[in-house]
Amino acid sequence: MTSVTDVSPARPTFRLTRAFQGLERLVVPALLIAGWEAFARSGMLPPALLPAPSAVLHALGDWVFGFDETTQTYSGHWLRDALASALRVFGGFALASLLGILAGVAIGWSRLFEKTLEPTLQMLRPIPPVSWIPLAIIWFGIADKPAIFLVFLGAFFPVLMNSIHGVKTVDHNLVRAGAMMGANGRQMLTDIVLPAALPSIFAGLRIAVGSAWMLTVTAEMVAVKSGLGYVLWDSYYFLRYDIVLAAMISIGLLGYLSDLGLKAIMARTLRWQQTTTVQGRAG
Amino acid sequence: MAAIELRNIVKVFSDKRRGRDLLTLDNINLDIEANDFVCLLGPSGCGKSTLLNIIAGFEQATSGRTLVDGRQVERPGSDRGVVFQQPTLMPWLTAIDNIAFHLKLKGVGKAERHQRAMEFIDLVGLRGFEHHHPSEMSGGMNQRVGIARALLMNPSVILMDEPFAALDAQTKLEMQEELVAIWQKRRCTIVFVTHSVDEALVLGNKIVVMTKRPGRIREAVNFDLPRPRDITSPEFNDAKRHILSLIREESTRLAQAS
């Protein structure tokens with residue numbers, strides 16, 4: 001949760017090998033799905049307990065497009081469910097990023113904040129976010145708020161820890177160079193320390209977006225009556241394992257897409273760093 | 001009035017872990033005139049970098065006075081350009097933005113910043129690389145950016161802490177020649193820290209030989225061999241012999257003391 005080197009560098013590839021790599025990547029998933037389909041059809045387990053991939057795909061299709069109402073009340077409601085979850089993720093994640101970066105930079109930069117703020121935060125950090133659910137429910141009721149609160153708790157600490165680390169490990173000589181060029185205290189922070197800490201801060205954001213999805217689903221299982229997590233839990237009560245799996249796939253996909261989006265923003269912001277990695281690898 | 005006046009500089013580092021104090025600079029007195037190219041020469045651990053850091057304002061002397069242009073040095077400032085041993089550029093900025101960083105801090109607009117930085121891009125021979133990031137350039141090119149960045153501030157003095165130490169022999173020679181050319185063209189005061197006798201003799205017109213532990217000034221040698229300097233000429237060798245004898249004397253003294 002507090003790893004700071006989550007930045008996967010681009011690997012130099014040649015055009016020819018890239019085509020093969022594209023195919024290689026599909027081999028394992030294709031084999032897994034084929035095996036699963038065969039096993040499900042063999043009848044060793046009742047189809048209700050292990051739906052075949054085709055059945056899951058069918059459920060997912062109906063959930064998204066509502067063509068034959070296999071998914072009953074959920075038919076055609078996927079977008080609404082996904083949006084509900086995504087908004088909670090976004091709300092909690094945005095709040096956690098903002099406060100996490102602010103508090104992290106303050107703690108990393110100023111002795112005063114380090115002494116006053118950090119011990120309390122470090123004491124709260126080991127408490128699993130999920131254990132806040134009872135409190136979240138009595139404080140915020142059953143709606144979006146407890147879910148956003150949980151997402152916030154899960155996303156805040158990775159951002160905080162990585163921001164502190166990023167600021168604390170800024171090259172001492174860069175600060176000296178800034179002072180030599182006449183930077184005042186504020187400029188030192190905005191023009192030198194913050195950009196220098198960005199790679200680390202982004203690493204924190206990427207870990208945080210993962211935790212955000214995990215926690216929104218957990219919250220929806222117990223504290224909210226909408227969203228992908230709710231559908232998953234509700235379908236489990238009715239033993240609709242095809243929908244459970246469709247929900248799992250949806251969550252995985254959306255989490256993956258969020259990370260992809262964040263990676264794209266990171267690649268744009270940290271273009272200077274990307275060239276380092278590529279050259280470092282190639283050279 | 002000298003450009004830099006060092007008066008009775010003493011620096012003591014307290015080694016807290018071992019509970020003792022280390023006298024690093026012992027009563028340094030030195031005047032550096034405007035437009036001098038002064039080389040601080042000494043073995044590693046003689047306190048020459050510490051002395052440079054005190055002039056730069058990065059470190060405070062334990063006692064004594066440091067004056068630059070008659071003003072007491074209290075903190076780092078853009079009147080003293082520093083070229084570090086490592087280029088120490090902002091890795092997220094391109095060459096031109098690194099050079100113009102001082103102007104950005106002063107709130108100068110982008111167009112003017114780039115226009116003024118281009119002069120220095122040309123001066124250090126980096127035309128065509130102005131939009132490269134430090135990671136895309138060689139060590140020598142980055143150090144050129146570092147020098148241009150210091151020059152752009154138009155400081156009263158430029159302080160250089162073994163800036164060519166990490167470069168290969170050939171690049172080092174090129175950079176030394178270029179630095180002398182820049183110094184002749186722009187008439188600035190340079191204090192250059194080095195542990196290489198040859199480098200000091202190629203560059204400086206005043207060579208301050210320092211002794212080790214505690215750091216003291218052994219002798220300040222004036223060296224006015226015309227440039228470009230022929231490093232095989234008798235005059236060069238005479239000066240080299242003299243400086244080497246100072247250093248050798250010093251190591252015998254240390255050997256006897258221990």
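In this predicted model, two chains meet, and their contact takes 17 residues from chain A and 19 residues from chain B. On the side of chain A that touches chain B, three helices each supply at least two residues: α7 (172-180), α8 (185-222) and α11 (271-282). Of these, α7(A) gives the most, with six residues. By class, the residues on this side of chain A divide into nine nonpolar, six polar and two charged.

According to an unreviewed UniProt entry, residues 82-266 of chain A are annotated as "domain: ABC transmembrane type-1". In the model, the chain over residues 82-266 of chain A is 85% helix and 0% strand. Residues 89-112 of chain A are 96% helix and 0% strand, with their end C-alpha atoms 32 Å apart. Residues 148-167 of chain A are 100% helix and 0% strand, and here the end C-alpha atoms are 27 Å apart.

The packing of helices in chain A can be followed through particular pairs. Helix α2 (residues 53-65) of chain A packs on helix α10 (residues 241-269) of chain A at an angle of about 70°, and their axes are 8 Å apart. That angle makes α2(A) roughly perpendicular to α10(A). Which residues of the two helices meet? From α2(A) come Ala55(A), Val56(A), Ala59(A), Leu60(A) and Trp63(A). They meet Asp242(A), Ile243(A), Leu245(A), Ala246(A) and Ile249(A) in α10(A). Classified by type, the contact of α2(A) with α10(A) has nine nonpolar residues, no polar residues and one charged residue.

Another helix of chain A, α9 (residues 228-237), has as its buried residues Leu228(A), Gly229(A), Tyr230(A), Val231(A), Leu232(A) and Ser235(A). These buried residues pack against α3 (78-109), α8 and α10 of chain A. Just after α9(A), Leu239(A) takes a positive phi of about 55°.

Is Leu189(A) buried, exposed or partly exposed? Leu189(A) has 18 other C-beta atoms within 10 Å, and so Leu189(A) is partly exposed; the count for a buried residue would be 20 or more. If residues up to four places away in sequence are not counted, Leu189(A) touches Trp109(A) and Leu194(A). Leu189(A) and Val105(A) are 84 residues apart in sequence, yet their C-alpha atoms are 8.8 Å apart in space.

Chain B contains both kinds of element, with eight helices and 10 strands. Its C-alpha atoms fill a box of roughly 60 × 45 × 40 Å along the principal axes. A compact globule of 258 residues would have a radius of gyration near 18 Å, and the 19 Å of chain B agrees with this. Of the 258 residues of chain B, 43% count as buried. Among the contacts in chain B with a separation of 6 or more, 68% join residues 24 or more positions apart.

Finally, some details of the backbone of chain B deserve attention. Most residues other than glycine have a negative phi, and most peptide bonds are trans. Asn8(B) is exposed, because 12 other C-beta atoms lie within 10 Å. Asn154(B) is likewise exposed, with 12 other C-beta atoms within 10 Å. The peptide bond from Arg227(B) to Pro228(B) is cis, with omega near 0°. Pro228(B) lies in the loop between β10 (216-222) and α8 (234-257) of chain B.

Conventions
Residues are numbered from 1 along each chain as its sequence is written. Chains are lettered from A and ligands numbered from 1 in the order in which they are written. This is a predicted model: local features need pLDDT of at least 70, side-chain atom pairs count only at pLDDT 80 or more; totals for chains, interfaces and linings use all residues. Two residues are in contact if their C-beta atoms, placed from the backbone, lie within 7 Å. Helices (H or I, at least four residues) and strands (E, at least two) are DSSP runs, numbered from the N terminus. Ala, Val, Leu, Ile, Met, Phe, Trp, Tyr, Cys and Pro count as nonpolar, Asp, Glu, Lys and Arg as charged, and the others, Gly among them, as polar. Axes are lines fitted to C-alpha atoms, for helices over the stretch in contact, and angles run from 0 to 180 degrees between N-to-C directions. Angles under 35 degrees count as roughly parallel, over 145 as roughly antiparallel, 65 to 115 as roughly perpendicular and the rest as oblique. The radius of gyration is taken over C-alpha atoms; the globule rule is 2.2 Å times the number of residues to the power 0.38. UniProt positions are given in the numbering used here, feature names are shortened, and annotations may be inferred rather than shown by experiment.
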